[in-house]
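Dear colleague,

Please find the structure below, handed over for your study. The notes that follow it describe what was found.

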Amino acid sequence: MAPPVIQLEHVRKRFALPGGEAVPVLDIESFAMAAGEQCALEGQSGSGKSTLLHVISGIMRPDAGRVVIDGVDLVRLPEARRDRVRADKLGLVFQQFNLLPGFTALENLLVAMSFGSGKADRSRATDLLAAVGLADRLHHKPAELSIGQQQRVAVARALANRPRVILADEPTASIDPAHQQQVIDLLKTTCSEHDVALLVVTHAPEVAGQFPRRLRLEDFNRAARAGASA
Ligand SMILES: Nc1ncnc2c1ncn2[C@@H]1O[C@H](COP(=O)(O)OP(=O)(O)O)[C@@H](O)[C@H]1O
Ligand SMILES: [Mg+2]
């Protein structure tokens, strides 16, 4: 059995409403993914999918529990170390692509590489952008790219530091159909080749159906079940 690269135990997260009332969003006894495993995550809008990805990535601290990434418990780490673990071990593709607006596509990858332990590798960055069909857009800034092209830059950037895990939050939601399959294929192929665990949130059954493991958040998040029945 491959060792888990993602391991959550007893994770809880609540959000405070303006009135002060705390609403539970995550209540997860355990969740794990093995090295190289590929998994689609579905669930109703508001069931906590994005929050779960933020917690796994260490961007958001849970109120309780353990979040272990490749053997490192993110919850206990000081912020600077957590940022370094995220840069080295995790590739992120979020709904808001979070590209740096003042930098070209190529520079966005080089900056991501500079946050990791490796060195910024221009030829590898160029290859990654070519692999998502952007060989002729290397020197365009995000505002000069279509939404779909920006999303493809975000996918290429997620792969930049040879991560152990890629977390993708609806990565094809804003991409034209011609490129949706290209992005999914790229994520899946790259993750297979490099034994990277891939967790993709999606609303599209035709996307989820391509994954060997398919989960609904309501099935392992008690807070979402409680919310649904309230
Ligand atoms: N920063 C926040 N402050 C307060 N409530 C939040 C915050 N982020 C998310 N929520 C709430 O948590 C719930 C889950 O949100 P989210 O994880 O974005 O769901 P999903 O991605 O499954 O649609 C929603 O009810 C949302 O309104
Ligand atoms: Mg979401």
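This is a predicted model: local features need pLDDT of at least 70, side-chain atom pairs count only at pLDDT 80 or more; totals for chains, interfaces and linings use all residues.

In strand 8, Leu41 has Val201 as its bridge partner. Helices (H or I, at least four residues) and strands (E, at least two) are DSSP runs, numbered from the N terminus.

Residues are numbered from 1 along each chain as its sequence is written, chains are lettered from A and ligands numbered from 1 in the order in which they are written, and side-chain values use heavy atoms, with hydrogens and water left out.

Strand 3 and strand 8 pair in the parallel sense over four bridges; two strands pair if DSSP finds at least two bridges between them. Strand 3 (residues 38-42) is also joined to strand 9 by four bridges, and these two strands run parallel. Along strand 9, Arg213 stands opposite Cys39, and Arg216 stands opposite Glu42.

These strands belong to an open sheet of five strands with parallel pairing, in the order 6-7-8-3-9. Strand 6 (90-93) and strand 9 (213-216) stand at the edges with a single partner strand each, so one side of each is left without a neighbour in the sheet. From one strand to the next, the twist averages 15 degrees. Angles run from 0 to 180 degrees between N-to-C directions, and axes are lines fitted to C-alpha atoms, for helices over the stretch in contact.

Is strand 3 mostly covered or uncovered? Strand 3 is mostly covered, as five of its five residues are buried. Here buried means under 20% relative accessible area, exposed means over 50%, and partly exposed lies in between (1.4 Å probe, protein chains only). On one side of strand 3 the buried residues are Gln38, Ala40 and Glu42, and on the other they are Cys39 and Leu41.

**Helices**

Helix 3 (residues 105-115) has eight of its eleven residues buried, so it is largely enclosed by the rest of the structure. Among the buried residues are Leu106, Leu109, Leu110 and Met113. The buried residues of helix 3 pack against helix 4 (122-131) and helix 5, where contact means heavy atoms within 4.5 Å.

Helix 6 (residues 177-194) holds Thr190. Thr190 is buried, with a relative accessible area of 16%, and its side chain reaches the backbone oxygen of Leu186 at 2.6 Å.

An open sheet of four strands has antiparallel pairing and the order 2-1-4-5. Strand 2 (22-34) and strand 5 stand at its edges, each with a single partner strand, so one side of each is left without a neighbour in the sheet. Strand 5 pairs with strand 4 (residues 64-69) in the antiparallel sense over two bridges.

Asp73 lies in strand 5 (residues 72-73), and Val68 stands opposite Asp73. At 11% relative accessibility, Asp73 counts as buried. What does the side chain of Asp73 make a polar contact with? Its partner is the side chain of Arg76, at 3.0 Å. A polar contact is a pair of N or O atoms within 3.5 Å; within protein, one must be able to donate a hydrogen and the other to accept it, and residues adjacent in sequence count only if both atoms are side-chain atoms. The side chain of Asp73 also reaches the backbone nitrogen of Val67 at 3.5 Å.

**Ligand 1**

Residues surrounding ligand 1 include Phe15, Val25, Gln44 and Thr51, each with a heavy atom within 4 Å of the molecule. Helix 1 gives the largest share of the shell, three residues. Oxygen atoms of ligand 1 lie 2.7 Å from a backbone N or O atom of Gly46, 2.8 Å from a polar side-chain atom of Lys49, and 2.9 Å from an N or O atom in the side chain of Ser50. Taken alone, ligand 1 exposes 560 Å², of which the protein buries 55%; accessible areas come from the Shrake-Rupley method with a 1.4 Å probe, and for residues only the protein chains shown count as cover.

Yours sincerely
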